Amino acid sequence: KDYATEVRLWDRSCQLGSIEGFQVAALNHPELDIRIRMYARGCRLGDESSCVQLAGQAPSPIPADMLATIEDGCARDAHSMTCYWLGLRLLAGRGVPRDEVRGRAIFLQACVNGPVYGKQTPEECAVASADPGHSLIE
């Protein structure tokens with residue numbers, strides 16, 4: 001496969017408003033570092049699923065510009081999975097400086113109110129936030 005050509009075509013489809021084409025390119029690219037950069041671009045363009053992938057898969061340590069992109073994605077929707085992953089990273093100091101207060105606040109808001117985790121009780125979310133290695137995703 002000619003991934004360079006595919007990426008250019010999918011990137012163009014993204015520029016034309018087809019985020020789906022861009023997501024396919026990112027999901028199918030064989031090189032993790034390129035996928036991560038593609039997720040960062042998708043997130044900057046406002047695609048929530050790209051932000052989620054970036055927040056969950058970003059390298060450690062997370063470069064400052066990439067962290068800013070994740071934080072912007074979280075700011076657009078404080079109840080999103082992007083915030084869930086950002087909160088967990090901050091709680092554990094995984095790829096970012098550890099910040100338990102901020103991490104717990106971000107995580108709990110996403111966990112309790114989020115569309116995916118909305119069925120979790122505040123108590124379940126509090127237990128998960130006390131153990132940064134824990135994930136509600138099984």
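Colleague: How many aromatic pairs does the structure hold?

Modeller: This is a predicted model, and the structure holds 2 aromatic pairs.

Colleague: What describes a pair of aromatic rings?

Modeller: In general, two quantities are given for such a pair: the distance of the centres and the angle of the planes. Here, the ring centres of Tyr84 and Trp85 are 5.2 Å apart with the planes at 85 degrees; planes over 60 degrees apart count as edge-to-face, so this pair is edge-to-face.

Colleague: Which description applies to the rings of Tyr84 and Phe107?

Modeller: The centres of these two rings are 5.1 Å apart and their planes stand at 40 degrees, so the pair of Tyr84 and Phe107 is tilted. Tyr84, Trp85 and Phe107 form one aromatic cluster.

Colleague: Where in the chain do Tyr84 and Phe107 lie?

Modeller: Tyr84 is in helix H6 (residues 81-92) and Phe107 is in helix H7 (residues 100-113). They are 23 residues apart, and their pair links distant parts of the chain.

Colleague: Is Phe107 buried or exposed?

Modeller: Buried means a relative accessible area under 20%. Phe107 has 0% relative accessibility, so it counts as buried. Tyr84 is likewise buried, with a relative accessible area of 0%, and Trp85 is buried too.

Colleague: Let us turn to another residue. Why does Thr69 count as buried?

Modeller: The relative accessibility of Thr69 is 6%, and therefore Thr69 counts as buried. This residue is found in helix H5 (residues 64-76).

Colleague: With which residues is Thr69 in contact, leaving aside its neighbours within four places in sequence?

Modeller: With those neighbours set aside, Thr69 is in contact with Ala40, Cys43, Arg44 and Leu54.

Note on methods
Residues are numbered from 1 along each chain as its sequence is written. This is a predicted model: local features need pLDDT of at least 70, side-chain atom pairs count only at pLDDT 80 or more; totals for chains, interfaces and linings use all residues. Side-chain values use heavy atoms; hydrogens and water are left out. Rings of Phe, Tyr and Trp (its six-membered ring) pair if their centres lie within 6.5 Å; planes under 30 degrees apart count as stacked, over 60 as edge-to-face and the rest as tilted. Buried means under 20% relative accessible area, exposed over 50%, partly exposed in between (1.4 Å probe, protein chains only). Helices (H or I, at least four residues) and strands (E, at least two) are DSSP runs, numbered from the N terminus. Contact means heavy atoms within 4.5 Å.
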